[in-house]
Amino acid sequence: MSSPWNSGINDRRLKEQICEIGRRVYAKGFAAANDGNISIRVGENEVLCSPTMICKGFMSPDDICAVDLDGNQLAGKRKRTSEILLHLAVMKARPDVKAVVHCHPPHATAFGVAREPIPQCILPEVEVFLGEIPFAPYETPGGQKFADTVLPFLKPGTNAMILTNHGTVSFGPDLETAYWRTEIVDAYCRILILAKQVGNVSYLNERESRELLDLKKKLNIDDPRFHDVSCDLCGNSAFRDGYKEDMPEPCGFPAPPEYPGYLAGGTATAAPASPAANTPQFDALVKAITEQVLAALGK
Ligand SMILES: [Zn+2]
């Protein structure tokens, strides 16, 4: 039980879990035909993954492949997915990551095609559970060059990314959590697109935005804004040093408000010891969000 890894490449329960998440990815319309791929790290140098050229909605445990961290196939009657190198790049850079989901959820991918940054400081759950969603630059899928596009953006606290003109990748300590982050990103992007059609998108004010980050800290969820004084509160800036010439700029949505960063500012509330963080409303929000996380994880 105390092993830092899951139980190896023959673990049927984990193969079944990959099939189950595959069914959800397909049922949600996150992967057309044979799109998308899923992986779980099961050892120091062993990873289970979905095979290439198979619909993710109809996999059985015997279809699942095993590879080492360089992508060499260790087991499985089918050929491993060519995009496994992307999963392995994330796992190698972030030892806390045990599972990765890559797919093409339409609403999130639409932001990647429009190259429109996903605005922050709008919905509480997104702010607390995801934070900024960086855009890895476009590269032809499959090879190591494609896999390496995510490397500048794998900061602690980053759990999901847009692959420009391609799709999404999300990851976490287990497969359910990794998948669930894709669901949050796509649901959020869908709401943003709908809100824009209804009228316009409203940002939370500085106090409200800061309180959500206080809450995030209280829940022990990491965020780049807790570490870097140059990060704006809502400005999609945590990753600006990762971009070369390809940083997405807001075009379809209003530019984010220029509040001082979480570490730099603090006129509204300070971190957990502040009175605002101890109000009944704040506690109720913590409780409500915690219950949602537990419900989502327990599904
Ligand atoms: Zn893809």
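Q: Two strands pair if DSSP finds at least two bridges between them. Over how many bridges do β5 and β8 pair, and in which sense?
A: β5 and β8 pair over five bridges, in the antiparallel sense. One spot to look at is Ala99, which stands opposite Gly172 in β8. Strands here are DSSP runs of E with at least two residues, helices are runs of H or I with at least four, and both are numbered from the N terminus.

Q: Before I go on, what sort of model is this, and how are residues numbered?
A: It's a predicted model, where local features need pLDDT of at least 70 and side-chain atom pairs count only at pLDDT 80 or more, while totals for chains, interfaces and linings use all residues. Residues are numbered from 1 along each chain as its sequence is written.

Q: OK, how many helices and strands does the protein have?
A: There are eight helices and eight strands.

Q: In what order do the strands sit in the sheet?
A: The order is β4-β3-β2-β1-β5-β8-β7-β6, in an open sheet with mixed pairing. β4 (73–75) and β6 each have a single partner strand, so each edge strand has one side left without a neighbour in the sheet.

Q: Back to β5: is it mostly covered or mostly uncovered?
A: Mostly covered: five of the five residues in β5 (99–103) are buried. "Buried" means 20 or more other C-beta atoms lie within 10 Å of a residue's own; 12 or fewer makes it exposed, anything in between is partly exposed, and the C-beta atoms are placed from the backbone.

Q: Which way do the β5 residues point?
A: Ala99, Val101 and Cys103 point one way, while Val100 and His102 point the other way. In a regular strand, side chains alternate between the two faces of the sheet.

Q: How many bridges join β1 to β5?
A: Four, and β1 (37–43) runs antiparallel to β5. Over there, Ser39 stands opposite Val100.

Q: And β7 with β8, how do they pair?
A: Also in the antiparallel sense, over four bridges. Ile162 has Thr168 in β8 as its bridge partner.

Q: Which strands does helix α2 touch?
A: α2 (84–93) packs on the sheet and touches β1, β2, β3 (65–67), β5 and β8. Touching means a contact, with C-beta atoms placed from the backbone lying within 7 Å. The direction of α2 makes about 140° with that of β5; angles run from 0 to 180 degrees between N-to-C directions, and axes are lines fitted to C-alpha atoms, for helices over the stretch in contact.

Q: What does α1 lie across?
A: α1 lies across β1, β2 (46–49) and β5, and runs at about 160° to β1.

Q: Switching to α3: which of its residues are buried?
A: In α3 (106–114), the buried residues are Ala108, Thr109, Phe111 and Gly112. Looking down the axis, these fall within an arc of 150°, so they line one face of the helix. That arc is taken from the directions from the helix axis to the C-beta atoms.

Q: What covers that buried set?
A: The cover includes β6 (135–136), β7 (160–163), β8 (167–172) and α6 (175–198). Arg115 then follows α3, with a positive phi near 55°.

Q: Where is Ala33, and is it buried or exposed?
A: Ala33 sits in the loop between α1 (12–27) and β1. Ala33 is exposed, with 11 other C-beta atoms within 10 Å. Its phi is positive, about 50°, although Ala33 is not a glycine.

Q: What about Asn220, where is that found?
A: Asn220 is in the loop between α7 (206–218) and α8 (280–298). Just after α7, Asn220 takes a positive phi of about 65°. Asn220 is exposed too, with 6 other C-beta atoms within 10 Å.

Q: Last one: what does Glu125 touch?
A: Leaving out residues up to four places away in sequence, Glu125 touches Ile184, Ile289 and Gln292. Glu125 is in α4 (124–129) and counts as partly exposed, with 16 C-beta neighbours inside 10 Å. Gln292 is 167 residues from Glu125 along the chain, yet their C-alpha atoms are separated by 9.2 Å.

Key
Two residues are in contact if their C-beta atoms, placed from the backbone, lie within 7 Å.
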